[in-house]
Amino acid sequence: MSLVEVSNISKSYGALAVLKDVSFAVERGEVVVLIGRSGSGKSTALRCLNGLEEIQAGTIKVGDYKVSDQGTDLRRLRQDVGIVFQHYNLFPHLSVERNITLALTVVKRMPLVEAKQVAARVLEQVGLSDKVNAYPEQLSGGQQQRVAIARSLAMSPKVMLFDEVTSALDPELKEEVLKVVENLAEQGMTMILVTHEMSFARQVADKVIFMHAGRVHESGPPEQLFGSPQTPELQQFVSTRVS
């Protein structure tokens, strides 16, 4: 059974249908990249996976969780399904270390000594061991995003979601964040990413999903979607993105 199973989900805001009968699956250890124009539904689909958005039809399963059920414990789900946003959402008044240990001590009730050990490990993972006592305002945008990734990693998630994590960054800072994501892929982390970085998608994705007008328009390995797109919509999308 797939680790993530999205089956025929639909989502509307009033009369505006944002997702229309969307289905896809993600295997354990797989990297899946959602691409498409702004407004195609990809970020909404991502946010539905850990219950940040409610769906009106269909089902979402992540591991043992049926996300779409009313009785699902979303707090527990979000420990297993981490999400990193475009904006870092760090607490400005807390040190890097405390930004990471806060959820460990409050949500997981981990002793602070142990939480600090986890923080040290994940900061090393994202190349920021020397910033443990720094505050967010003392960091570059790329460093703040890497702390946000470390904070999510600290919870030991089964799946990580990335929503346009480089779109607010300057080109030179994008590379350091993408390198961290690439390293996670090499370590076997199950990841679903929304990105406009087509060359990165080609490089790290096991599967690419092209969304158009709220639907899964095409999906398959990156060489298939980028090399021989089957529909005019994907052909046009690929031709306008310099890779």
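Residues are numbered from 1 along each chain as its sequence is written, and side-chain values use heavy atoms, with hydrogens and water left out. Because the model is predicted, local features need pLDDT of at least 70 and side-chain atom pairs count only at pLDDT 80 or more, while totals for chains, interfaces and linings use all residues.

Helices (DSSP runs of H or I, at least four residues) and strands (runs of E, at least two) are numbered from the N terminus. An open sheet is formed by 6 strands in the order β6-β7-β8-β3-β9-β10, with mixed pairing, where two strands pair if DSSP finds at least two bridges between them. The edge strands, each pairing on one side only, are β6 (81-84) and β10 (215-220), and the twist from one strand to the next averages 20°. Within this sheet, strand β3 (residues 31-35) and strand β8 (residues 190-194) run parallel and are joined by 4 bridges, with V33 standing opposite L193 in β8.

Helix α5 (residues 141-153) packs on the sheet, where it touches β6 and β7 (159-163), and its direction makes about 170° with that of β6; contact here means heavy atoms within 4.5 Å, and angles run from 0 to 180 degrees between N-to-C directions, the axes being lines fitted to C-alpha atoms, for helices over the stretch in contact. Helix α9 (residues 232-239) lies across β3, β9 (207-212) and β10, and runs at about 105° to β9.

Helix α5 also packs with helix α6 (residues 171-186) at an angle of about 20°, their axes being 8 Å apart. The two helices are therefore roughly parallel to each other, a term for angles under 35 degrees, whereas those over 145 count as roughly antiparallel, 65 to 115 as roughly perpendicular and the rest as oblique. In this contact, G141, G142, Q143, Q145, R146, I149 and L153 of α5 meet L173, E176, V177, V180, V181 and L184 of α6.

In a further helix pair, α3 (residues 96-106) and α4 (residues 112-125) pack at an angle of about 125°, with axes 9 Å apart, which makes α3 oblique to α4. Residues V96, E97, R98, I100, T101, L104 and T105 in α3 meet L112, A115, K116, V118, A119, V122 and L123 in α4. By class, this contact of α3 with α4 has 9 nonpolar, 2 polar and 3 charged residues, where Ala, Val, Leu, Ile, Met, Phe, Trp, Tyr, Cys and Pro count as nonpolar, Asp, Glu, Lys and Arg as charged, and the others, Gly among them, as polar.
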